[in-house]
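Good morning, and thank you for coming. Please look at the structure on the screen while I go through a few of its features.

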Amino acid sequence: MSSTTEPRPRTTPPQRPGDRVFAGLSRGAALLILATLAGVAIFLAIRGLPGITASPDEVKYGTSFLPYVGPLVFGTLWAAALALLLATPVAIGVALFISHYAPRRLAQPIGYVIDLLAAVPSVVYGAWGMVTLAGAMQPVYAWLEENLGFIPLFAGPASATGRTILTAALVLAIMVLPIMTAICREIFLQTPRLHEEAALALGATRWEMTTMAVLPYARSGIVSAAMLALGRALGETMAVAMVLSASGVVTFNLISSTNPSTIAANIAHSFKEASGLTVNGLIATGLVLFVITFAVNFAARAIVNRRKDFSGAN
């Protein structure tokens, strides 16, 4: 008789009907999202192709597609990058204050207020930016031109209305702040308690513990929050369309009345008067925005996956 025993075959536990239903619904929801995404891409490609190949005399904007969409791509990326640059430090600071510094009685109300900003409609932000913020920023722009005009970003002439690309970026920064703050706060709270206590036991101050234990652990989570906010800023329409006085140019000047436009705002401004191949051209610009947003999300996922084994992003 052989002394070795054959291993028992592994058996999967039986699934209840509810488990099978839930698994099927989850799989169906995932496939539905992919099908919807593919449908949007196919629609934009089919309807936008005639606008891409249209000659300048067949469209109202009077030029070929690439010279038309180029300044719009620049304005979209420039406004979103400015918004991200303004919102990221504030979001990280607020999230750190809520998660590690504020008393519990104060942290919860602040967190609720930040989360409520995400429920404000875009048109409300746009109206506030157009009526209140633009007028309040006009003296600031005049001061920047007078004192920092030697820097190309503030060369001027300063806008008399305050409806500049910088004002639009400020509005976008406020709009993406709740997303970044909420994600960063949850990531900071996932930092292992032993890491924080070990840093404090070695004599680190609260700030040193934050820089040595919390921020390195949450690095890829912060990147994913920033990329998600960037995708939100890239596609914003009404707030930018209401605030920005656009001229369709390529310029880095932040305080001038001559400003680049964004793809989404240009579609909102131009679609009601468009007809024929001009509509196809606007849809083609939407396809370009779709590709840009997809590329941003793809890059964010790649960055997060590089550090997912030793970070709090996942």
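A search of the whole structure, which is a predicted model, finds three aromatic pairs. In one of them, Phe74 and Trp78 are stacked, with 6.3 Å from centre to centre and 15° between the planes. Where do these two residues stand in helix H2? They are four residues apart in that helix, residues 65-101, and so they are separated by about one helical turn.

Phe74 also forms an edge-to-face pair with Phe252, at 5.1 Å centre to centre and 85° between the planes. This pair links distant parts of the chain, since Phe252 lies in the loop between helix H9 (238-243) and H10, 178 residues from Phe74. Phe252, at 47%, is partly exposed. Trp78 is buried. Together, Phe74, Trp78 and Phe252 form one aromatic cluster.

Phe97, Tyr101, Leu106 and Trp207 make a nonpolar patch of about 400 Å². Of these residues, Trp207 lies in helix H7, residues 206-217. Tyr101 has a further contact: the charged end of Arg206 sits over its ring, 5.6 Å from the centre.

Next, consider Glu273, in the loop between helix H10 (263-270) and helix H11 (277-306). Its relative accessibility is 56%, so Glu273 counts as exposed.

Finally, an unreviewed UniProt entry places the feature "domain: ABC transmembrane type-1" at residues 73-300. That span is 74% helix and 0% strand, and its end C-alpha atoms lie 19 Å apart.

Terms used
Residues are numbered from 1 along each chain as its sequence is written. This is a predicted model: local features need pLDDT of at least 70, side-chain atom pairs count only at pLDDT 80 or more; totals for chains, interfaces and linings use all residues. Side-chain values use heavy atoms; hydrogens and water are left out. Buried means under 20% relative accessible area, exposed over 50%, partly exposed in between (1.4 Å probe, protein chains only). UniProt positions are given in the numbering used here, feature names are shortened, and annotations may be inferred rather than shown by experiment. Patches are made of residues with over 30% relative accessible area and no salt bridge: like charges are joined within 9 Å, nonpolar side chains (Val, Leu, Ile, Met, Phe, Trp, Tyr) within 5 Å. Accessible areas come from the Shrake-Rupley method with a 1.4 Å probe; for residues, only the protein chains shown count as cover. A salt bridge is a side-chain nitrogen of Lys or Arg within 4 Å of a carboxyl oxygen of Asp or Glu. Rings of Phe, Tyr and Trp (its six-membered ring) pair if their centres lie within 6.5 Å; planes under 30 degrees apart count as stacked, over 60 as edge-to-face and the rest as tilted. A charge sits over a ring if NZ of Lys or CZ of Arg is within 6 Å of the ring centre and within 35 degrees of the ring normal.
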